[in-house]
Amino acid sequence: MDHPNILDIAKRIRHSIIELACVSQGPHVGTALSCADILTTLYFQVMRLDDWESRDIGILSKGHAAMALYATLAEKGIIDKELLKGYCLNDGTLPAHLDRFSAKGVEVSAGSLGHGFNIGLGMAYGFKKRELDRRVFVVIGDGESQEGSIWEGALFAPTMGLDNFTVIVDYNNLQGYGRPNDICSFHPFAEKWQAFGWHTVEVDGHDHVALQRAMNEPTAGKPRAVIAHTTKGKGVPFMEDQLVWHYYIVTEEIRKQSLEALR
Amino acid sequence: MRNAFIDTVIEECLRRDDIFIISGDAGLGVFDEFGKQRPDRFLNLGVAEQNAIGCAAGMALAGFRVYVYNIVPFVLYRCYEQVRNDICYQQLPVTLVGIGSGFSYAPMGMTHYSVEDLGVAQTLPNLRVFSPADPTEAEASARFTLAGSEPTYVRLAKRGEPRVHLDALPDVTRPIQLAEGRDVALVFHGTVVGEVLEAHRILGEMGVSAKVISLPLINPCPIDQLDEMLEGIGQVVTIEEHFVDSGLGCRLALWSAANRPNWRLSRMGIKPEYVHAVKKQEGMRAHYSLTSAHIASHVRSLLVKN
């Protein structure tokens, strides 16, 4: 089912991300923008969050995109918007990488890549063993997919019977210092997950309808991998697909330009 | 001692529903029966240590008390960052059961020795660390972890170690006195206990009265209680099958420098180096001057000097 306001919600989340990046004068705005639609779809259209005790779990394994998660949690009303004001500041509230003790909805502490994915696998397995009908959704980066731990987990998940587990790869095709496939032999990518025994789907990672369909379709008992093709810096035309916005700072001037250009 | 620990956990797991055991393709025969009895509470996560620790953390978040069983390098070294970020930082009820303390596995080679694990483990806030001396201390450590919910690392040897304590221990978190003495205190942890007790006997024949204290809990170290037990003792000697510059002795040296500058402390342990000698455990102890004879003669020389 399409959410009538989903595009507006995603836009408000992007707006928050730009504000957070500006106030904190911190990096990673591009990576946060690239996964904004994925998180919007997850938190507003896919995950069951009404009964908090039995909620589905969302994990941002690419913890350097924390701004995107904070903005989404605030938009969803899981955390107070006031908390955002202390993002990445001296005597602040929310760190630039995730600390599960910092706020409700931050399920897992993450910042070093290749951790949240495996923790998510363990949670999904734990829910199975406790016979709980809870699902786990983990967002990882394409650069993060170079971590050995990802492929250790990818090998084991099908054997562990984790049909309640979904990994969404935010495939923005730009890691910190270049294109993944220039840095290592990355391609073919989706085929790797398929060969490891995952139900694998490739989608446009900014298409909410396609994302939602991919996250809900049956997987015949397999864990699910959604390869979401995205654009780094998505929504701010001059940031889109530009490597520099992994680290560049959003100045006051850039903030104004970004918010004006935001689409 | 590994069986004393694991059997205690398994026994409890048959009664409780919230315990889960993960092995990393290790422990031949240890889990055969248990795997059949509770297949839904045991998983072999193979030769993939980063994933095993990450999964253990996830299972803890899903409500389980998790035990990860493997040789020491595979619960602490290979996956150090997972232990740091996933378990300790997140304060999860996961117990890392490490087998092969010190030179237990000699002469398997340096890759299989655990001679710096306490140094590594002590860098991790929130991590409770046990180094039992015998099956009784191992069993008591297991019971302690079953009652608690903190991240814990337990340093075990292998199997077949003799029982030193014949009765159950009232409290495994306190220093345990094995022999009374007044001239010198021998403070140790782990399975070097046999050498220490024999050294105590040799010293006795020489007319030296040595107090012997086992310290199964390394972190948080019960130093205040130890300090009380050491009252009136002029010379303290720490003995451990561990690198001498990063284990218990080092810890006590730091503490005494700030709090008991008049302590005379001598540390016995393994010289920090990559071990190329091919020897069994007793040969390694001789090579690194950790036999009862070495301990006795070292203590004697200290007392003469004093």
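Predicted model: local features only at pLDDT ≥ 70, side-chain atom pairs only at ≥ 80, totals over all residues.

Colleague: In which sense do strand 8 (residues 184-188) of chain B and strand 11 of chain B pair, and over how many bridges?

Modeller: Residues are numbered from 1 along each chain as its sequence is written, chains are lettered from A and ligands numbered from 1 in the order in which they are written, and side-chain values use heavy atoms, leaving out hydrogens and water. Helices (H or I, at least four residues) and strands (E, at least two) are DSSP runs, numbered from the N terminus, and two strands pair if DSSP finds at least two bridges between them. Strand 8 and strand 11 of chain B pair in the parallel sense, over five bridges. Here V187(B) stands opposite T238(B), and F188(B) has I239(B) as its bridge partner.

Colleague: What is the strand order of the five-strand open sheet in chain B?

Modeller: The order is 7-9-8-11-12, with mixed pairing. Strand 7 (176-179) and strand 12 of chain B are at the edges with a single partner strand each, so each has one side without a neighbour in the sheet. From one strand to the next, the twist averages 25 degrees; axes are lines fitted to C-alpha atoms, for helices over the stretch in contact, and angles run from 0 to 180 degrees between N-to-C directions.

Colleague: Is strand 11 of chain B largely enclosed or open?

Modeller: Nine of the nine residues of strand 11 (residues 235-243) of chain B are buried, so this strand is largely enclosed by the rest of the structure. Buried means under 20% relative accessible area, exposed over 50%, and partly exposed in between (1.4 Å probe, protein chains only). As for helices, helix 12 (residues 292-305) of chain B lies across strand 8, strand 11 and strand 12, at about 145 degrees to strand 11.

Colleague: How should I read two packed helices?

Modeller: Two packed helices are described by the angle between their axes and the distance between the axes. In chain A, helix 1 (residues 6-24) and helix 11 (residues 252-261) pack at about 175 degrees, with axes 9 Å apart. These two helices of chain A are therefore roughly antiparallel; angles under 35 degrees count as roughly parallel, over 145 as roughly antiparallel, 65 to 115 as roughly perpendicular and the rest as oblique. Contact, meaning heavy atoms within 4.5 Å, is made by H15(A), I18(A), E19(A) and C22(A) of helix 1 with E252(A), R255(A), S258(A) and L259(A) of helix 11.
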